[in-house]
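Biologist: I would like to go through this model feature by feature. Where do we start?

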Amino acid sequence: MTTHKAHILVVDDDLSHCTIIQALMKGWGYDVSLAHNGRAAVEQAKEIPFDLIVTDVRMSEMDGLEALKTIKAYNPAIPILIMTAYSNVESAVDAIKSGAYDYLTKPLDFDMLQLTIARALEHTHLKTENEQLKQQLTAAPQNMIGRSPQMRRLMDMIAMIAPSDATVLICGESGTGKELIARSVHANSSRRDQPMVIVNCAALSESLLESELFGHEKGAFTGADKRREGRFMEADKGTLFLDEIGEISLLMQAKLLRAIQEREIQRVGSNHTLTVDVRLIAATNRDLLADVESGKFRQDLYYRLNVMTIDTPALRERSEDIPPLVMHFLEKYATRNRKAVKGFTPQAMNLLLKYNWPGNVRELENAVERAVILLTGDFISEKELPLCINQFAQDNPHGDQADQAIQPLEQIEKQAILTALEKTGGNKTEAAKQLGITRKTLLAKLQKT
Ligand SMILES: Nc1ncnc2c1ncn2[C@@H]1O[C@H](COP(=O)(O)OP(=O)(O)OP(=O)(O)O)[C@@H](O)[C@H]1O
Ligand SMILES: [Mg+2]
């Protein structure tokens, strides 16, 4: 509900009727203003942002319908409730057609009035809330799920650097969402209506990559039967996303450096330079700085790309993001496969939380998709999860303290003593030392067990 008191304008030329309604509405917790004809209502509505207007129809000096149309013309969002004599219901129909929220017949049923007012106010409240939500959605990166501090920091970072034209380098393990981030940087930039062109640098050989990026002239090489624009040109005025940038050869690095520095390119087989206006985003799952040190990656290119860096956090470092991601993918694949999946068993969710996710979000997404396809019942259980996830839990039984049954202290003590003796090859003095007790105490305890 709205936190401030809703402010209602009551419009009626019957003064005593006005006073009664005013008193009632105040009793229901609203602020109330009065107007005694349509013209006065329009004047007041121009000055005060009312939450609701309740108006009579038949009045001298501009009737309720005309007032309604005038007010709606410059404030279509304001809900207007019409009060009309039962004999005049046609005018109520007109009013609805002109945008009235609802109508009530006179004599008024006050319970009905109270209910209708509450509904009208709730309705507009929901509408503004929806609009606010929509705005937030367009401002936030699309489809990016995550509530962990790391993800929030990342989203803030995207919001901060997206509007500039600065080159962005996105670094992180595979499957952490680098492409998703690149897309949202573009979508939140002033270039959003221009193309975003993606080149996977690892997928092409050196010579193919050059013509892919810069284009080629007809006859530049065998098979070049016509001139082709490169990806740089396609991305002109937009964004060029160079994925897997760490994989390109030193020769291509030199050519790319020149293109970035000069903002100029040459098609393969041409001496002619073309100017391009692209915003660059590059991504890699390699440690580029280490590659710079070992001479695999040009330092000057590294600094050109690394104007802004976004490091994507591994999923295992932010397990609180796992449940919302899981539910997001569950919904996606349940819909796609037309399955009515109700959710995960607690045990299955536990396994997902424990797992170390070397393939990060992509691996999680695949696991959920697979589970949805395999599922025959309502809830996804361990059975539908990949073997490696089940295996991981078996190999790391102490991963989740909360999941363990509580053991009697005596039993834990016995286990600790046995382990100590085992590790020290039965050396009681050494075992006692490791257990933090005297040899005498250890002997006493051993006699008891
Ligand atoms: N925070 C997130 N919210 C929702 N989906 C995500 C999120 N992060 C990643 N994904 C999804 O996970 C999958 C992998 O993400 P993406 O392709 O962006 O990763 P990547 O870092 O580019 O991986 P690689 O290095 O293997 O290319 C995609 O389907 C993507 O939509
Ligand atoms: Mg990728």
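This is a predicted model: local features need pLDDT of at least 70, side-chain atom pairs count only at pLDDT 80 or more; totals for chains, interfaces and linings use all residues.

Biologist: Is cysteine 388 buried or partly exposed?

Modeller: Cysteine 388 is partly exposed, at a relative accessible area of 38%.

Biologist: How many disulfides are counted?

Modeller: A pair of cysteine sulfur atoms must lie within 2.5 Å to count. By that rule there are zero disulfides.

Biologist: How do I read the packing of two helices?

Modeller: Two packed helices are described by the angle between their axes and by the distance between those axes. Here, helix 14 (residues 346-354) packs on helix 16 (residues 387-395) at about 80 degrees, and their axes are 9 Å apart. Angles of 65 to 115 degrees count as roughly perpendicular, and helix 14 and helix 16 are therefore described that way.

Biologist: Which residues meet in this contact between helix 14 and helix 16?

Modeller: Helix 14 contributes Leu351, Leu352 and Lys354, which meet Ile389, Asn390, Phe392 and Ala393 of helix 16. By class, five residues in the contact are nonpolar, one is polar and one is charged.

Biologist: And a loop residue, such as glutamate 61?

Modeller: Glutamate 61 sits in the loop between strand 3 (52-56) and helix 3 (64-74). Its relative accessibility is 48%, so it counts as partly exposed. Leaving aside neighbours within four places in sequence, glutamate 61 contacts Asn37, Gly38 and Arg39.

Biologist: How is the chain divided into domains?

Modeller: The assignment gives domain 1 (7-136), domain 2 (149-311), domain 3 (316-402) and domain 4 (409-448). The C-alpha centres of domain 3 and domain 4 are 41 Å apart.

Methods: Residues are numbered from 1 along each chain as its sequence is written. Chains are lettered from A and ligands numbered from 1 in the order in which they are written. Side-chain values use heavy atoms; hydrogens and water are left out. Axes are lines fitted to C-alpha atoms, for helices over the stretch in contact, and angles run from 0 to 180 degrees between N-to-C directions. Helices (H or I, at least four residues) and strands (E, at least two) are DSSP runs, numbered from the N terminus. Angles under 35 degrees count as roughly parallel, over 145 as roughly antiparallel, 65 to 115 as roughly perpendicular and the rest as oblique. Contact means heavy atoms within 4.5 Å. Ala, Val, Leu, Ile, Met, Phe, Trp, Tyr, Cys and Pro count as nonpolar, Asp, Glu, Lys and Arg as charged, and the others, Gly among them, as polar. Buried means under 20% relative accessible area, exposed over 50%, partly exposed in between (1.4 Å probe, protein chains only). Domain bounds come from an automatic or database domain assignment.
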